[in-house]
Structures are given as C-alpha cells and as structure tokens.
Amino acid sequence: MLETGAGGLAWWRVRDTELAESPVGVDLQQAFRAQTLQSGLHARVLEEAVGKLCSAGLQPLLAKGWLAAGLYAQRGLRPYGDIDLWVRPEEHGAALEALGYPPGQQYPVDLHGNSPARDRSWDELYARARPEEVGGVSVQALGAEDHLYLLSVHMLAHGAWRPLWLCDVAAALESLPEDFDWDYCLSGGKRRANWLTTAIGLATDVLGASPGGLPTAIANARLPRWLAPALLGSWGGGTPYMHTSPMGLTVPRPGALWNALRIRWPNPIQVTIDWNRGFDRTPRLPVQFAECVVRSGRFLLGRQTATDPSLTSRRFPFRSSG
Amino acid sequence: MSATESSFPKARQKDLVVEELPDETLVYDLERDKAHCLNPTAAMVWNRCDGQTSVADMAALLEQELDLPADESLVWMALDRLGKARLLEEPVTLPGEAARYSRREIMRTLSRVAGLTLLLPAVSSITAPLAAMQASCIPRSTCKFVLVPPNCTGLPICEQPTKCCLTKNATQCTPKAC
C-alpha cells in the first residue's frame, strides 16, 4: 500500500476500525500525515512557480497530481511526487527559463510542452479550463472533461500498474460537475471513446465507483474478459520494467537475465495504448509478442541508450511518473 | 525569557507549513526539516500563543473549547512540549509553581473526568516516508521538500528533473521514460 502511494487511502478506510490502532494502522496514518504535509509544501511551490510563470507572461495549465488530489476528501489522501504543469510547446523554453532551469531546478515541477489531451487543440483546452485557487494565486486547471481523459489514458498508458491512478479516475467520475459535457469528452474518434470507456468501466467494475449520469453507451459497455485480471496482475506484479535498470546493464549478469526478461514481458494494457489498439475481446498476445520483437530489435541494434530520444518519441505524451 | 514573558508565549510562524485536520494539526518545520503532529489540546494552546493571551486565559479556553478542566498545569505542559519541538518563538521557562507539576499529577487531575487522558497535550513526530515514492526517481530539488532528508525516502536522486536514476542507489541518470 505504502509503496504504491495508497497508504493514505488505506488509512482513510480503516481509521474508524480496530485496525487503526494496529502497528500497520499507525504506519498508514503516518503516511497520511506526511502526505498531507507534502501537499502543504506543494501548495507553496505551486504558488511560487505559477507566480513566476505568470510574471513571464505565460499561462500554465494545471493537471494530474495537484488537481487529482483535489478530487479526494482530503488532499493528503493522494500523494504525488511533483507538480505537473503544461505550457504551449512554443512557450516551453521560456517557461523553463522563468522557473530557473536548467540548471537551477528551483521547483519540483514537471513542465510539459506537449498537449495533455489527444486530439485537442490548445485553444480548446484553454477554452474549457477553469481557474483553481492556490494560496494567493489563480491558475488555469484542465477542464473536467479533458482531465478525466488525461487521467484515464495516463493510467492505461502506464499499464495501470499503480492502483492510485484508477482511484483518480473513480474520484474524478464521482466529482463530475453538473455541466460535464459527455459529448465533448467522447468526441474525437472511436479510439478515444474506447479508451475512455475502458477506464471508466474499470473504475466502476473494479473499484465500485458510482458516477451518476453516465451515457448509456458507457454504462452498458462490457469490459473484455482479459482486462480485469491483467489489471489485478499488474497491481501484484511489482515494479514495471520501465522503472528498472536498462537491459544493457543486466545482460552481463546471466543470473539476472531471466528475471529481467520476465519483468519486461509487455503489460497487455500498456501495449494496447502503445500500439494504438482498442480494448476489445481479441487476445493481447500477438501485440505483446510484437512489442517484444520491436524492443529486442531496438536493443540488438544498440539503440536503447540512455540518451536515445526514440525511447520517448513513440510513447504517448502522457508517459511520465507521478 | 522570564517567567512573566513565558506567561504570554508566542508561537513561531516563520518557515512553518501548517495543515489542519479535523482531529489534529500537522506542522512541518522547514528550517529543521521536522514534522510534528499536535493533538487538539496542544493545537489549541499553540493557536492561542499570540503573545497577548495569558496562560490563565488559555486554561479557561481549554474548558470552554475542549471541555477540559481549566487547569494551568495542562497549558504549561503543552507549552513545554511545543517549546521542545521549537514551535514557539522562545522556549518557555516554567515558573516555580508550574514546574512542580509532574505528568502524574496532571493525570490525576484529568482522571477525575473519565477518558480525558487522551486529551493530554501531545506533540509527536511524523516519520513516515513521503509521497516522493510515487515517482520512479526524484530530482534533487524535490528532495528539499521531502520530510526526511538526506535519505530522500531511499529513492535515487538525479540532478535534472527530466531524468531519473537507472536503479535505486545508482548515481547515473537516464531520460525519464526509462
């Protein structure tokens, strides 16, 4: 629980039970307290960072960690490592300069210069953005429709290995504003709607989220059979391959090779997104195998180096931790 | 600080992050990188440490707000603990009379009202690892915001926020999508 960041949520669940007094309960409560304080620290950082960006004439868009934490009963329930801000690509350099890096790294801010939502223009994103008060400053936050999409696809693109990400989707679903525009949210192509429907289906089926007013198409959608087991498998599977040592470091140690290959077996949820497929009944094995071939080819060609930009180019822009 | 000044204690405000929860108040000391948890009694006393409210007034407020005995020894106990946690501008010097109060005596006072021992002023430390564990790695700048430096919760630390470490405890960094 603690390793996946769900310690605070677990504490919230047991706080009124006898488990609260147990050693594990005490650890969970300490995690919740620490996360609450971290949230207070982040508020200061965000206020300062946004102030600097605004002073430079830039208007960042806030999403993910900080914004997702606001969906919960207490901010401390949803930990996050850094603050995610988006700026238009042409403003990215100026934004980095305004925040003082490189090389200062004054703030734990993940500054993105790519679009946070597939098939949406920056003008559309800003038009639906809403102001969020952070301390003494106001920052534009991603609109509820775009944020639900971002949370959903970010989770799927990472193989949904962190339970907290599905909790984010569930929390977003249960906090939808009354004027939530489902037509806009689902528009933009069949694939987009499929991914969103899948994430919502997981949140309702696995976590029991109970959002009101779901469109019939989503409410009646059935998840493919392989999906829930794959999700639960990824929750119990430990650290995903992308957070481990590069293969090149493992090969010289034959004893570690088998384990390295095992943890690199492609996550079926992740490859579905990476290969731009829909979540349907067809087995994932061919796509997983194809992913293995591509990765192996890249590895054998020596392209998987620490500085190889192709490592990130094929990935969707949602791929960042936190 | 003289005993007279101690009677009008003042809470420290600089370099603190304060988060109030329904049942407790959390305080992070940016200067010392320490986190504290104040129970309602300690929090109430701390919130009244404005340099103008006397210990006697605080004792009266304990009764009004928390339904505790209006006992100055409770306030002194809270001030003592807050001072040790460096949450007051100056540590308090207990006046002779207050210094005589032992924890046992205060417990005896409180035990007249069943269940109130839980409301003894308490200032405890928070030692849990932080949310930085959400990231696969953390930049050094983030480390400043982690409650238990320099360990940084055991996560690898990189100099650039766009990069992460190859493995835990490693020093090499690679692009974030590693």
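Modeller: Please note that this is a predicted model. On its surface, A:Trp265, A:Leu285, A:Phe289 and A:Val293 make a nonpolar patch of about 440 Å².

Biologist: Where is A:Leu285 found?

Modeller: A:Leu285 belongs to helix α15 of chain A, which covers residues 285–300.

Biologist: And is A:Leu285 buried or exposed?

Modeller: A:Leu285 counts as exposed, because its relative accessibility is 53% and the cut-off for exposed is over 50%.

Biologist: Let us turn to helix α9 of chain A. How many residues has it, and what distance does it reach?

Modeller: Helix α9 (residues 190–205) has 16 residues. From first C-alpha to last it reaches 22 Å, close to the 22 Å expected at 1.5 Å a residue.

Biologist: Which residues of α9(A) are buried?

Modeller: The buried residues include A:Arg192, A:Trp195, A:Leu196 and A:Ile200. Among the elements of chain A that cover the buried residues of α9(A) are α6 (144–157), α7 (163–173) and α14 (268–274).

Biologist: Now the strands. Why is β5 of chain A described as largely enclosed?

Modeller: Strand β5 (residues 137–141) is largely enclosed by the rest of the structure because 4 of its 5 residues are buried.

Biologist: Which way do β1 and β4 of chain A run relative to β5(A)?

Modeller: Strand β1 (residues 61–63) runs parallel to β5(A), joined by 2 bridges. Strand β4 (residues 130–134) runs antiparallel to β5(A), with 5 bridges. A:Gln140 in β5(A) is the bridge partner of A:Leu61 and also of A:Pro131.

Biologist: What lies between β4(A) and β5(A)?

Modeller: These strands form a hairpin with 2 residues between them. In the turn, A:Gly135 has a positive phi of about 60°.

Methods:
Residues numbered from 1 in each chain as written. Chains lettered and ligands numbered in written order. Predicted model: local features only at pLDDT ≥ 70, side-chain atom pairs only at ≥ 80, totals over all residues. Heavy atoms only, no water. Patch = residues over 30% accessible without salt bridge, like charges linked within 9 Å, V, L, I, M, F, W, Y side chains within 5 Å. Areas by Shrake-Rupley, 256 points an atom, 1.4 Å probe, with all protein chains shown as cover. Salt bridge = Lys/Arg side-chain N within 4 Å of Asp/Glu carboxyl O. Buried < 20%, exposed > 50% of the residue type's maximum accessible area, 1.4 Å probe, protein only. Expected span 1.5 Å × (residues − 1). Contact = heavy atoms within 4.5 Å. Pairing = 2+ DSSP bridges.
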